[in-house]
Amino acid sequence: MKRDLVTIDDLSDETLLGLMDLADRIRRQLRGHAADLPGTLMGSLFLEPSTRTRLSFETAMLRLGGRVITSSDPKTSSASKGESLSDTIRIVDSYVDLTILRHPAAGAARAAAQIAEGPVINAGDGSHEHPTQTLCDLYALRCERGRLADLRVALYGDLRYGRTTHSLARALVRFGASVLAISQGDLQLPKFVLNDLRREPGYAVAPVALVGLESVLSRPEVPALWISRGAKESSEVRPMSLDPDSIDAIYVTRLQKERMSGAEPLGSLPILDHRFLAAPPFRQTVVLHPLPRVGEIARELDQDPRAAYFRQAALGVPIRMALILWCLGAVDLPAGAAPRARDSVVHGFRCENAGCISVLERGTIPPEVTRRGADDPRCAYCEETAVLAYGGRPFPEPA
Amino acid sequence: MKRDLVTIDDLSDETLLGLMDLADRIRRQLRGHAADLPGTLMGSLFLEPSTRTRLSFETAMLRLGGRVITSSDPKTSSASKGESLSDTIRIVDSYVDLTILRHPAAGAARAAAQIAEGPVINAGDGSHEHPTQTLCDLYALRCERGRLADLRVALYGDLRYGRTTHSLARALVRFGASVLAISQGDLQLPKFVLNDLRREPGYAVAPVALVGLESVLSRPEVPALWISRGAKESSEVRPMSLDPDSIDAIYVTRLQKERMSGAEPLGSLPILDHRFLAAPPFRQTVVLHPLPRVGEIARELDQDPRAAYFRQAALGVPIRMALILWCLGAVDLPAGAAPRARDSVVHGFRCENAGCISVLERGTIPPEVTRRGADDPRCAYCEETAVLAYGGRPFPEPA
Amino acid sequence: MKRDLVTIDDLSDETLLGLMDLADRIRRQLRGHAADLPGTLMGSLFLEPSTRTRLSFETAMLRLGGRVITSSDPKTSSASKGESLSDTIRIVDSYVDLTILRHPAAGAARAAAQIAEGPVINAGDGSHEHPTQTLCDLYALRCERGRLADLRVALYGDLRYGRTTHSLARALVRFGASVLAISQGDLQLPKFVLNDLRREPGYAVAPVALVGLESVLSRPEVPALWISRGAKESSEVRPMSLDPDSIDAIYVTRLQKERMSGAEPLGSLPILDHRFLAAPPFRQTVVLHPLPRVGEIARELDQDPRAAYFRQAALGVPIRMALILWCLGAVDLPAGAAPRARDSVVHGFRCENAGCISVLERGTIPPEVTRRGADDPRCAYCEETAVLAYGGRPFPEPA
């Protein structure tokens, strides 16, 4: 079977940890892998701009001794002549051994993986997923903290449009983490993400007021949620004390202004600085950020040993090297059951997400709705909740 | 002598077939050529966007073990500072071993080939030629049909602005093909192309009404021409019956809207679908398309074994690998007399094509008018008909 | 210590000549270095467009057997999301072994060199410097003239905005050259450049009227300066005769229209052509130009053996290959004292150049003012004259 990476849920816990073990080994001799993939060609297909992610993938492939063809300007691509994604993918796939795809439509990577004969890695598909960022985030956590199990991680900033926080939260609870979500104004974690987290056995979501953090997080417009095994669901905000040095990591994101309508009340969060990190729960916290940052983290922290964001960015290369080797079948890793494997197709529903590839290229991409266990049916591409297809009654399932 | 590819007429029949034989051998082990061209550098100079063609050439070079430098954004190039093509070529040629040039001006590739010391391959020069597309089309025909001699090929769609159909038709008649040109409204094969085809010994052009195809091609606004040895020139449309299974291939093109003035009546052709291919003459037809397509071919055909367009696109890599090896002198192929070798310089004429490089860069590119046998004098760059240079009388030829 | 190239003054005379000796050896077998830098990765970071310089660097790295990642479109970079230069550099530096930086802000390369752990080469930083162009110009002079010592070089054209002439003039006087600066209208060498040249022991600047050159340079609006050991400073223009065949090289530049306000009176200089070079002092002159040219040099000269500008462009590859090898520590060269080594930090001054990186990214880039010997204090980044920081009195130097 072909190894694609469309969402982080394509990877079992075992494979995730196996990739990190492999990345650890690669890191010890980053320049010693130039003969790993001779004669192998990667297509770097960025139909939406993203220099950092693109350079990180290309670095990974070149350090493995492979070669790269790049299309990074959407305006000069065949798409600008009206070509469908599936035609573009079919052709590039026929040229290369592995395709990296960045695309503005949600679900584009899944569509591409279905079409291509070679493996496809999602480098960001619209508002849907960016699984290698999550892989890199998890790997950075493990490198900084020495483990991935049972961490206490604060998410901080734009948790509504910062899709990397959604994937990270979902992945963290798979490893037993407690998550403290601190956002501003309307930019809280969306309900569908919270529902996903609640589904993890034992998990609940509690709105909290952080006792003792008035000096840094005193304002009522800064909502916080405690998402943990043993938390208690509640409709009202309850005070909560965090033990000194209890937060392992704080993951900061910038306002995703390019995804906002402009009408959202932004509120404001304190900038992360030395004063912030002097608060007892955060004294041993490592600071992560998917970058680019635009002012959320004070520059004075750059020299602080707790500032891990540049180390995190550098780890994007070895973890992507590990991923490429695995996708190309050049290494074997422990398998295990991926969350995606629990999905089953359901009929009688349809996707109505105007930003989903299955809607944008209707007639080209075969629609598909799936359900994980007892969850609501979702579009298999964009993972938005699907709606009943006809007059409120789903079609009967085929026999 | 240096080996450039400016027009498909630079290649003799023998060399064309030799390239295809070589591509056949390469295809058997596409990944086994990574040591063919060590230390060889290709300049990929796309002064007009074309992602697919560029990626195809770069794939070919990288699979041969060479390396590539790329300039694909006209806005960031030295040309945007007012530099002439010849200066740009002189410099890039001094960096690399082989230059691939895409340029908006007709004849640019010939000018570049004259200037450069290394070989130049035309990757499309304005409305003039795109010889590696033709090479790929011919190769796909041979791969799908097992031979190139005496094929019956239908050209279908925008035959006026779809320059690939012009080159393909000219090349096909060199191998004895019969061509059925089916177009829409004003988008017929231009007269100068028809005249070229008529010049092939024995060939004539007959306007025809296809008997029995009323169900798919019934409308009078769909003109068809039968171009074949033994056809009879006529000013009126005569009925013609095609035998069942008689068309070997149908070559479809999209409307080249970017080359249209907007005033052309477009008419409309039926979309190619299962119903179309069920008509008796087309039942064994393979379907080709230079891609990108934008609706000319129904998606339902994609799974049909007769749909050869994605196989055709993939063949662009091995045939370009063969071409690069030959241009760099890394292989020898049968020589033979190329059609271009019959051209001789004539004096007293000049090019007046405003899109021709010799007009756009007058003073830099030395003008030249040539004639093939008894043909009208043409600009040696853009191959448009040249006009008398002075007061209606050509200069006397030099002794 | 890390080897960066920020300005040509980072290189001692000995190292400059050592680089040229190395480039000479490389040139003898340009294609024989494909195994020099296996597994080495260069970041080609062009945050301002420059195809020729970029391709020249990438050619150099690929001919050395290294590999390249490229970001050449400022609009698709993280900078367009508001990321600071220092963050961008930190991340790219963590990917690669060597960074080539082109940036619109003066001093950007120095800032990058301070931040990066790997070496940084300045490929042009705003109006400040373009040291590899100067390196290439000097190397071309030595290749054409057989030596670099005591040359007589004319600079011709836009000497105000053509920053390559500034660096070249400064470097030439280090090797004892006499410089004849011929410009048009307001486009003369700026005062700060002349003052730099005057500081070289024994040098003076004399405004001259060139006797016997009335036929080519007769107009009073064409000012000329003679900058030489033994020249006599003067406020009035004195006649000067140049011996026949006395000018070794003429270095021509185009009008840098993209840097002009539009209000400058441009005047006009004769186009360089055969008639110009027939004037006795220029009969043995080689003609150099950093290219692209846009009409300053007549095309009739292209075939003249004295026209060295295309040879000069081609020399950009071997000299950059030598530079890359040296920066990466793959070769050792004679050291010697670089002019930059004489700079010392001064306090109480600040940079007020709105185009300087230390002003544009205040708070990120630590400001620094230095002085070379008794010179005026200058910003260490953009090298513009610094101003007193507070109320006209410099801060006391720290003990």
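## Burial, chain contacts and backbone geometry

A:Glu383 counts as buried, because 23 C-beta neighbours lie inside 10 Å. Here a residue is buried if 20 or more other C-beta atoms lie within 10 Å of its own, exposed if 12 or fewer, and partly exposed in between, with C-beta atoms placed from the backbone. The model is predicted: local features need pLDDT of at least 70 and side-chain atom pairs count only at pLDDT 80 or more, whereas totals for chains, interfaces and linings use all residues. Residues are numbered from 1 along each chain as its sequence is written, and chains are lettered from A and ligands numbered from 1 in the order in which they are written.

**Backbone exceptions**

Most residues other than glycine have a negative phi, and most peptide bonds are trans. A:Glu383 is not a glycine, yet its phi is positive. B:Asp245 likewise has a positive phi without being a glycine; with 12 other C-beta atoms within 10 Å, B:Asp245 is exposed. Cis peptide bonds join B:Leu291 to B:Pro292 and C:Leu291 to C:Pro292. The table places these residues relative to helices (DSSP runs of H or I, at least four residues) and strands (runs of E, at least two), numbered from the N terminus.

| Residue | Angle | Loop |
|---|---|---|
| A:Glu383 | phi about 65 degrees | between β15 (378-379) and β16 (387-388) of chain A |
| B:Asp245 | phi about 60 degrees | between β9 (238-241) and β10 (249-253) of chain B |
| B:Pro292 | omega near 0 degrees, bond from B:Leu291 | between β11 (286-288) and α10 (309-327) of chain B |
| C:Pro292 | omega about 0 degrees, bond from C:Leu291 | between β11 (286-288) and α10 of chain C |

In chain A, β1 (residues 41-46), helix α2 (residues 51-63) and β2 form a right-handed β-α-β unit. Right-handed means that, with the strands pointing away from the viewer, the path from the first strand over the helix to the second runs clockwise. β1(A) and β2(A) run parallel and are joined by five bridges; two strands pair if DSSP finds at least two bridges between them. One of the bridge pairs links A:Ser44 to A:Thr70 of β2(A).

Strand β2 (residues 67-71) of chain A is largely enclosed by the rest of the structure, because five of its five residues are buried. Both faces are covered: A:Arg67, A:Ile69 and A:Ser71 are buried on one side, and A:Val68 and A:Thr70 on the other.

Helix α4 (residues 108-115) of chain B is mostly covered, with six of its eight residues buried. The buried residues of α4(B) are B:Ala108, B:Ala109, B:Arg110, B:Ala111, B:Ala112 and B:Ala113. Their cover includes α3 (85-95), β3 (98-103), β4 (120-125) and α11 (357-360) of chain B.

A nonpolar core is a set of buried Ala, Val, Leu, Ile, Met, Phe, Trp, Tyr and Cys residues joined through C-beta atoms within 7 Å. The largest such core holds 372 residues, and A:Ala112 and C:Ala112 have the most contacts inside it. Leaving aside residues up to four places away in sequence, C:Ala112 touches C:Leu85, C:Ile89, C:Thr99, C:Leu101 and C:Val120.

**Contacts of chain C with its neighbours**

Two residues are in contact if their C-beta atoms, placed from the backbone, lie within 7 Å. By this criterion, 22 residues of chain C are in contact with 22 residues of chain A. On the side of chain C that touches chain A, β2 (67-71) and α3 (85-95) of chain C each supply at least two residues. The largest share of that side, six residues, comes from α3(C). Its residues comprise seven nonpolar, nine polar and six charged. For these classes, Ala, Val, Leu, Ile, Met, Phe, Trp, Tyr, Cys and Pro count as nonpolar, Asp, Glu, Lys and Arg as charged, and the others, Gly among them, as polar.

Towards chain B, 22 residues of chain C are in contact with 22 residues of chain B. To this side of chain C, α2 (51-63) and α10 (309-327) of chain C each supply at least two residues. The largest share, eight residues, comes from α2(C). The side of chain C that touches chain B divides into 11 nonpolar, four polar and seven charged residues.

**Relation between the copies**

Two copies of a chain are related by a rotation about an axis and a shift along it. Chain C is superposed on chain A by a rotation of 120 degrees with 0.0 Å of shift along the axis, at an RMSD of 0.0 Å. The two copies are therefore related as by a three-fold rotation axis. The superposition is by least squares on the C-alpha atoms of residues with pLDDT of at least 70 in both copies. C:Asp73 is the residue of chain C that comes closest to the rotation axis, at 4.9 Å (C-alpha). Only 5% of the interface residues of chain C are also interface residues in chain A, so the copies meet through different surfaces.
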